[in-house]
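Please look over the protein shown below, first as a whole and then part by part.

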Amino acid sequence: MGYSGARGGLAAILAAERLVRDKRDAAAADLAPATVVGAFRLGVDRVMGEAGLYHEQTAGAAFQQAEGDTMEATHLLRAHRSRLPRLATSEPIDPDEMTVLRRIVPAFREPDGPQLLGRTTDYTARLLDTAVRHPTEPEPEPAHTPRPATAAMRTPRRFLDQLRKMDLVVEHRGEHGDAEPHDLARFPARPPAPRSAVLSAMSRAETGGLVGLWYRSILGPDGNIHEVTLGEVRHGHLPLRVRHPHTGNPVTVGRFRATEAEAIEDLDGAEEQRDKFDVGYGLCLGHNERKAIAMANLDIANRRFGRSSPLEQLLLMTTDGLDSTGFLEHLKLPHYVTFRSMVERKQAMRANTETESRSTEPWGRTCR
C-alpha cells in the first residue's frame, strides 16, 4: 500500500494548527502544569504508562498540549523519550518494597495486613456533580475519620504469601532460569516470546484496548473461556535504584508510583493441577488499576492458551496504542494517488467487460 504525502495547502495547514493553539492556550492560560497533574491525575498516569516514561510534569504538559487526548499525549511523550540519553540502567527491585497508598484484597476478608482504600470513589454512588465549590470553601467534616495508617501498615505482606503457605499455588518461579527481562523499548518482540516480553507489551499497551482484549478472553469467542478471582491490587511508591558510577554500589535516586495486581485462576484443565490455583501478575506505571487487573488476568490466559490460540500474537502486536491509532489516523491523510489508481482499475475492468460482452456470440444463434 502506498501513501501520498501531504503537499500543498501549507497556509491552510498552519492556520488549522494556529486555531488549535489559540483556542487551547486561551482556555488554559491560568492552568499550570502542576494543576493539570493534580486535577487530571488518572489521565496523566495513563499517559505515563502508555508512553513508558515516568515524569509527572512532562506528562502533564503533554496532556495539556494534546487537549486531553491521551493517545496524542502518549505520542508526544514517547517521542520526547526517544530524544533522551540513556544515562543508566535501573537495578531490579522487589515489589514487596512498595509503600502502599492503597491496597485491597477482594478475595479475602481478613488478609495478612490491612485493607487500605486510599483515594478512590469505588464504593460510593457516582452521579454528575454540577455544583461548583469555591477552592477556599472548606470540605464538610466527615462523621467518622479513620485512623491514619502506620508505616508497618504501608508495607503489608502480599496475599499470595498466604496462599503459598497453604500450598495452594502452582509455582512458576525459576521455570526459565530467571532469564534477563526483554527490553521492549529497544527490541520488538514476536511470537513465540518470553513472558517478560508479553508483560512489557501489556504494561505499555493502550488501556482500553487491553481491557477489550481481556473481556474477549472472558467471553471466550476463541474457545478459551476462563474465570478468575482478583487476589490483590496495590498502588504505591517503589524505589528507583541505579549503580553508582564510581563505587558500583546500588543507590536510590528517586521513587515512582506503580499499580500492581495479582489474579487467581481456578485450574480445571485435564492436565492441570486441579487442587491448586494459578496466579497471574500485572504491574504498570502510575495509578491504573484497570490495566493492572487486565494484565494479571491475561497473564494467566496467555500461559494457558497463548500458544494454542492467537492470544500471544494479539498481546504482542495489536495492543500498542501508537501502532493502532497511528494506522487509523493516517487514513485522514490525502490518498489521492492510491484512490485514483483504484478508480482507474475499476473503470478498466468495466471497459474490458463491456468489450467482451460485445464480442460474445448472442444466445440462441448458431455459428456457421
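In which helix is the place of leucine 14? Leucine 14 lies in helix α1, which covers residues 10–27, where helices are DSSP runs (H or I) of at least four residues, numbered from the N terminus. This is a predicted model, in which local features need pLDDT of at least 70 and side-chain atom pairs count only at pLDDT 80 or more, while totals for chains, interfaces and linings use all residues. Residues are numbered from 1 along each chain as its sequence is written, and side-chain values use heavy atoms, with hydrogens and water left out.

**Leucine 14 and its surface**
- Leucine 14 counts as partly exposed because its relative accessibility is 45%, and this class lies between buried (under 20%) and exposed (over 50%), with a 1.4 Å probe and protein chains only.

**Two domains**
- The protein is divided into domain 1 (14–82) and domain 2 (95–118 + 151–325), with bounds that come from an automatic or database domain assignment.
- The centres of domain 1 and domain 2, taken over C-alpha atoms, are 27 Å apart.

**Where the domains meet**
- In domain 1, 16 residues are in contact with 20 residues of domain 2, contact meaning heavy atoms within 4.5 Å.
- Between domain 1 and domain 2 there are 4 salt bridges, each being a side-chain nitrogen of Lys or Arg within 4 Å of a carboxyl oxygen of Asp or Glu.
- Aspartate 45 forms a salt bridge with arginine 257, and their closest N and O atoms are 2.7 Å apart.

Technical notes: Helices (H or I, at least four residues) and strands (E, at least two) are DSSP runs, numbered from the N terminus.
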